[in-house]
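Please keep the sequence and the coordinates at hand while reading.

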Amino acid sequence: MKDFFNLAEKNTNVKTEIVAGLTTFFTMAYIIFVNPNMLGETGMSWHGVFVATCLAAAVGTLIMALVANVPYAVAPGMGLNALFTYTICMAGGFAWQEALAMVFICGLINIVITVTKLRKAIVKCIPEGLQNAIGGGIGLFIAYLGMNNAGLISFTGAYPSVTPGMQPFNAPHLVLAVIGLLIIVILMVMQVKGAMLIGIIATTIIGIPMGVTQIPETIFSGSETVQGFKDVAFSFFGKPGFGSLFSDPAKIPFVIVTIFSMCLSDTFDSIGTFIGTGRKSHIFDEEDEKALEGSGFKSRLDKALVADSFATSIGALFGTSNATTFVESSAGIAAGGRTGLTSLVTAIMFLICLPFSGLIGMVPSAATSPALIVVGILMVEPFAEINWKDLKEAVPAFFTVAVMSFTYGITNGIAAGFIMYCLTKIFTKKAREIHPIIAVASVLFVIDFILKATA
């Protein structure tokens, strides 16, 4: 084991790697509660998504461990699961099987752009201000989802005079969600490891005497779980799915721009996590970072990016939204994790969770909604990197964030940001600075808006 993972070369040992792997798992384990609840809103089986989430995380992280030998964990990503549920299925009107087909295609595309020089072009063509706006905007969107799912936001009146407001604190579900939010925030500011997981568990327990948490008949997986996984796994090979995804010509532009948005989010998520944490910990050396400009499978970073890309398609096969490298992996790295042994331990922990869907299924949305709000807080950090004093950068960034949050659509926000970026460049006589990828994407976004308006 020491030789396989090159522990001595990375100045680490088995004990440190095991502790790091456990740290990473407990920091990101909230996803096994949150993801089934969110994707379940599309009509997917909760139990099926639970199994798919655990398997996608385990297999993706195993690839990261055994192929790339790096201490990163993979699981269905926050933001990407919101795009799946609220933008594609609810707003777009697609069946969840069709959404899974899009995820699978996204994974295949990411594999191609990772092993070719196209990766360099995509990474470098998006202005830093837009990258930060997209990342922070998704965080704000997720926080809004958390508040809405907690019941904190009320809506009165009828369209078009719907008025949002704050719900009175007179419902047990809302009171429990607020308690959970306070617990998680307090633990987070005290820098307690696994704060979100501890908060979710504590809130679930508090919810028992409040009548919000329902005690399950059994803590173990049963026939319902097996059947649920059969329903979602490999479910997009047919109709609805691949067989119907491109059947409506009017929806094809939406499909294309949505897959493009998935690829963008997944790509920058992963590369940002790798570079941001890898530099500080020296997991990737200078040659690894230079690999971003090349192609192939030569460096650890190359292999890590490929592992991340494969995880997305594998997750779709199992029945879940895009899998991506979790920034929470930084917790394990901070604990000393330097090799794939850390990831191996994390993967094993996800597999251990599989038999306990009954126990995990008792967790109410009042316990997971606060986690969404806190994830949103963590994700809005990129806003600080945007130059809000420069209107040429601030205008595209603002419209990215505002449209994404106010229209309940991640793709809408990316579209608005791209289009406004092109307009600012054109009217400041800098059209030549617009990268062809952004130009083509913006045209597709405009076509999609026109088709929707005339449908």
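Pro 240 is located in the loop between α10 (223–232) and α11 (242–245); helices (H or I, at least four residues) and strands (E, at least two) are DSSP runs, numbered from the N terminus. The peptide bond that joins Lys 239 and Pro 240 is cis, with omega about -10°. In the segment before α1 lies Asn 6, whose phi is near 55°, a positive value in a residue other than glycine. Most residues other than glycine have a negative phi, and most peptide bonds are trans.

The model is predicted: local features need pLDDT of at least 70, side-chain atom pairs count only at pLDDT 80 or more, and totals for chains, interfaces and linings use all residues. Residues are numbered from 1 along each chain as its sequence is written, and side-chain values use heavy atoms, with hydrogens and water left out.

Helix packing comes next. Helix α7 (residues 128–150) packs against helix α18 (residues 365–379) at an angle of about 160°, and their axes are 7 Å apart. Here axes are lines fitted to C-alpha atoms, for helices over the stretch in contact, and angles run from 0 to 180 degrees between N-to-C directions. The pair α7 and α18 is therefore roughly antiparallel; angles under 35 degrees count as roughly parallel, over 145 as roughly antiparallel, 65 to 115 as roughly perpendicular and the rest as oblique. The crossing of α7 and α18 is left-handed, a term used if the near helix is turned anticlockwise from the far one by less than a right angle, whereas clockwise gives right-handed. In contact (heavy atoms within 4.5 Å), α7 contributes residues including Gly 135, Gly 136, Gly 139 and Gly 146, and α18 contributes residues including Ser 365, Ser 369 and Gly 376. By class, the contact of α7 with α18 holds ten nonpolar, eight polar and no charged residues; Ala, Val, Leu, Ile, Met, Phe, Trp, Tyr, Cys and Pro count as nonpolar, Asp, Glu, Lys and Arg as charged, and the others, Gly among them, as polar.

A second pair is formed by α5 and α14, which pack at an angle of about 165° with their axes 7 Å apart. These helices, α5 and α14, are therefore roughly antiparallel to each other, and α5 passes α14 in a left-handed crossing. Among the residues that make the contact are Leu 100, Phe 104 and Thr 114 of α5, together with Asp 302, Leu 305 and Ser 309 of α14. The contact of α5 with α14 divides into ten nonpolar, six polar and one charged residues.

Which helices supply at least two residues each to the lining of the largest cavity? They are α5 (96–114), α12 (252–281) and α14 (300–318), and α12 gives the most, with four residues. On a 1 Å grid over the protein atoms alone, a cavity is a set of points where a 1.4 Å probe fits but cannot get out, a pocket is an open set with protein on both sides within 12 Å along at least five of seven lines, and lining residues have an atom within 4 Å of a point. The count comes to one cavity of 30 Å³ or more. The largest cavity holds about 90 Å³ of space, where grid points are joined across faces, edges and corners and a volume is the space filled by probe spheres set on the points. Eleven residues line the largest cavity, and Thr 114, Thr 267, Leu 305, Asp 308 and Ser 309 lie nearest its centre. This lining has three nonpolar, five polar and three charged residues.

The second largest pocket contains about 340 Å³ of space. Its lining comprises 18 residues, the closest to the centre being Phe 33, Leu 197, Ile 201, Leu 359 and Ile 360. Two or more lining residues come from each of α1 (14–28), α2 (31–39), α9 (195–210), α16 (340–353) and α17 (357–360), with α9 giving the most, five residues. The lining of the second largest pocket has 17 nonpolar, one polar and no charged residues.

Helices α1 and α16 also pack together: their axes come within 7 Å and cross at roughly 50°. The two helices α1 and α16 are therefore oblique to each other, and their crossing is right-handed. The contact of α1 with α16 has twelve nonpolar, four polar and one charged residues.
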